[in-house]
Amino acid sequence: MSNSVISVISRFLEEYNTTTPNKLKVVDAYLLYILLTGALQFLYCLLVGTFPFNSFLSGFISCVGSFILAVCLRIQINPQNKGDFLSISPERAFADFLFAHTVLHLVVMNFIG
């Protein structure tokens, strides 16, 4: 059973490396970074506590919001989804991503107090 799992994972990685454009790989790396940051914040909350609760909540909401915005960006710039987003160029999708990120982090900074 472990050989089949290893073969599936190796085939997945091989196909991912050959068929995924570099732009999407960068967005995927960013998604992994945000996911790990949110997991570390949650683990810290479980181990140490939530004394400055607003700070924890702001950081975690920032991670979740950033993850959602990055997934939306990935969907919009994926060449396989070109037919769904005919009127949105990759540059426009990135500009929307930056604007939404700015608004998200202004809200987060306001929530910290």
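How many residues has α4, and how far does α4 reach from its first C-alpha to its last? I found that α4 has 23 residues and reaches 33 Å, close to the 33 Å expected at 1.5 Å a residue, the expected span being 1.5 Å times one less than the number of residues. I took helices as DSSP runs (H or I, at least four residues), numbered from the N terminus.

Before going on I noted that this is a predicted model, in which local features need pLDDT of at least 70 and side-chain atom pairs count only at pLDDT 80 or more, while totals for chains, interfaces and linings use all residues. Residues are numbered from 1 along each chain as its sequence is written, and side-chain values use heavy atoms, with hydrogens and water left out.

Entry on α4. I list A93, F97, H101, L104 and V108 as buried in α4, where buried means under 20% relative accessible area with a 1.4 Å probe, protein chains only. The buried residues of α4 pack against α2 and α3, with contact meaning heavy atoms within 4.5 Å. Just after α4, I noted that G113 takes a positive phi of about 105°.

Entry on α3. Helix α3 covers residues 53–77, and its 25 residues reach 36 Å from first C-alpha to last, close to the 36 Å expected. Its buried residues include F56, C63, L73 and I77, and the buried residues of α3 pack against α2 and α4.

Entry on the helix pairs. I looked up α3 and α4 and found them packed at an angle of about 170°, with their axes 10 Å apart; the axes are lines fitted to C-alpha atoms over the stretch in contact, and angles run from 0 to 180 degrees between N-to-C directions. α3 and α4 are therefore roughly antiparallel to each other, a term for angles over 145 degrees. The contact is made by residues including L57, S62 and L69 of α3 and F94, A100 and F111 of α4. For α2 and α3, the axes come within 9 Å and cross at roughly 160°, which makes α2 roughly antiparallel to α3.

Entry on T20. I placed T20 in the loop between α1 (2–19) and α2 (22–48). Is T20 buried or exposed? T20 counts as buried because its relative accessibility is 13%. The side chain of T20 reaches the backbone oxygen of Y16 at 2.9 Å. Not counting residues up to four places away in sequence, T20 touches E15, K25 and R74.

Terms used
Helix = DSSP H or I, 4+ residues; strand = E, 2+ residues; numbered from the N terminus. Buried < 20%, exposed > 50% of the residue type's maximum accessible area, 1.4 Å probe, protein only. Polar contact = N/O pair within 3.5 Å; in protein donor to acceptor, adjacent residues only side chain to side chain. Parallel < 35°, antiparallel > 145°, perpendicular 65-115°, else oblique.
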